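Biologist: Could you walk me through this one while I have it open on the screen? I have a few quick questions.

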Amino acid sequence: MNNVDARVERILQAASWAPSVYNTQPWQVDVTGSLLTLRADPSRQLRHSDPQGREMLISCGAFLFNARAAARRESLVAVARVLPDPDDEHLVAEVSLEPGSDPSSDELELSVAITRRSTSREPFADEPLPTDVLAAIQAAAHTEGARLRLIQPSDPVRQEVTGLVRRAEELAAEDPAARAEEEAWTAITADRHDGIPQGLLGPVPDSDDAPVRHFLAGQGSAHFEQRSTMAVLATPGDSPRDWVAAGQALEHALLTGTTYFVRASFATTVLENPTTRHDLRRALSLDSFPQMLMRLGTSAAQEHAPRRSVDDLATAGGPGGDDRSRDTSS
Ligand SMILES: Cc1cc2nc3c(=O)[nH]c(=O)nc-3n(C[C@H](O)[C@H](O)[C@H](O)COP(=O)(O)O)c2cc1C
């Protein structure tokens, strides 16, 4: 994509560090002047494990939040109009980059966290996180219209939750289509710019009570901590719009955690299976809908999974597409 305003390019580059299911990076962006049109890329959807595109849209929502945070670093404000658009099935959001004030120190910190954040699949330090840190992470999710229900080690429901995670993992392991999708997106070859490299899959826990995904190509086993905080991100509804909100809330919460050196790992097989998702919702007595299950803790930083280039994820289009630098200048 030639000739794009350098700031737009930096914003898209930062946005692409968003978490996505199996690092599928299921997003594409059309850039027309200062208008970014974000669409989901159905060719990157997990057709079997994610038939509704729920995880695809959560991933796109995380991308959208990064774009908003990265825009502030450029003294721009990303004003987003989120789907639906009956005429454009895969539209996630139209984002207008408008001149703004200089970023506050909090906004700057959040944007710096984008490249510091990565998923951890290693054991965490075996200690609870400070309550004020957890409160800040919860508040970040709340700002985006979602709720983060913590499941502390003493919570009586914790065992039931880890049991459901295991049950969902067992069912997926017996499902050839789910296995095939996992194989297509994990232990990737070095020339790929998506998927999860084998070295990042993490060890298999040596007990059944650690809520981490057991990857087929996971290497070795390890003893996982008992006292980390688990959390379920939930939204009031369960529509595509809620899934985009969940993604924005997820990334806002994760980046806020990153500013406190808190890292996250996920175990979402339990939410891909409608039965275990329903059971999890009931076990936690949620009136909202669970979208992500994670554990939060501290561990050494891990390498990044690879990313597609901006040229690969973005296209320049529409009238005014040749005159991009003028539109975002303040
Ligand atoms: C909707 C969604 C579901 C995910 N589920 C899992 C999971 O079950 N297990 C896991 O280890 N990581 C999971 N992840 C994390 C992705 O694998 C990770 O974001 C991706 O590989 C990119 O790596 P990074 O987060 O380190 O940048 C999920 C991420 C999203 C957005």
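Predicted model: local features only at pLDDT ≥ 70, side-chain atom pairs only at ≥ 80, totals over all residues.

Biologist: Fine. How is the chain divided into domains?

Modeller: There is a domain 1, made of 6-116 + 306-327, and a domain 2, which covers 131-297. Their C-alpha centres lie 23 Å apart.

Biologist: And how many residues are in contact between the two?

Modeller: On the domain 1 side 34 residues are in contact with 29 residues of domain 2. Both α2 (54-73) and α3 (105-116) supply at least two residues each to the side of domain 1 that touches domain 2, and the largest share of that side, twelve residues, comes from α2.

Biologist: What is that side of domain 1 like by class?

Modeller: The side of domain 1 that touches domain 2 has 19 nonpolar residues, together with eight polar and seven charged ones.

Biologist: Switching to the ligand: where does it lie relative to the domains?

Modeller: It lies between domain 1 and domain 2, because both of them give residues to the shell around the ligand.

Biologist: Which residues come nearest?

Modeller: Of the 21 residues around the ligand, the nearest are Pro-19, Asn-23, Ser-118, Thr-119 and Phe-266. As for elements, α2 and β9 (263-266) are the ones that give two or more residues to this shell, and α2 gives the most, with four residues.

Biologist: What about the classes in that shell?

Modeller: The shell around the ligand has nine nonpolar and nine polar residues, with three charged residues besides.

Biologist: You mentioned Asn-23. What is its phi?

Modeller: Asn-23 has a positive phi of about 55 degrees although it is not a glycine, and this residue is found in the loop between α1 (6-15) and β1 (27-32).

Biologist: Now the helices. How do α2 and α7 cross?

Modeller: The axes of α2 and α7 come within 6 Å and cross at roughly 50 degrees, which means that α2 is oblique to α7. The crossing in which α2 passes α7 is right-handed.

Biologist: Which residues make that contact?

Modeller: On the α2 side they include Arg-54, Leu-57, Ile-58, Phe-65 and Ala-69, and on the α7 side they include Pro-240, Trp-243, Val-244, Glu-251 and Leu-255. Sorted by class, the residues of the contact of α2 with α7 divide into 14 nonpolar, six polar and two charged.

Biologist: How do α4 and α7 cross?

Modeller: The axes of helix α4 (residues 131-143) and helix α7 (residues 240-259) come within 8 Å and cross at roughly 155 degrees, so α4 is roughly antiparallel to α7. Here α4 passes α7 in a right-handed crossing.

Biologist: And what meets what there?

Modeller: From α4, Ala-136, Ile-137, Ala-140, Ala-141 and Thr-143 meet Ala-249, His-252, Ala-253, Thr-256 and Gly-257 of α7. By class, the contact of α4 with α7 has six nonpolar and four polar residues, and no charged residues. His-252 of α7 is also listed among the residues in the contact with α2.

Biologist: One last thing: is the peptide bond from Leu-83 to Pro-84 cis or trans?

Modeller: The bond from Leu-83 to Pro-84 is cis, with omega near 10 degrees, and Pro-84 is found in the loop between β3 (76-82) and β4 (91-99).

Notes:
Residues numbered from 1 in each chain as written. Domains from an automatic or database assignment. Contact = placed C-beta atoms within 7 Å. Nonpolar A, V, L, I, M, F, W, Y, C, P; charged D, E, K, R; others polar. Near = placed C-beta within 6 Å. Axes fitted to C-alpha atoms, helices over the stretch in contact; angles between N-to-C directions. Parallel < 35°, antiparallel > 145°, perpendicular 65-115°, else oblique. Left-handed = near helix turned anticlockwise from the far one by under 90°.
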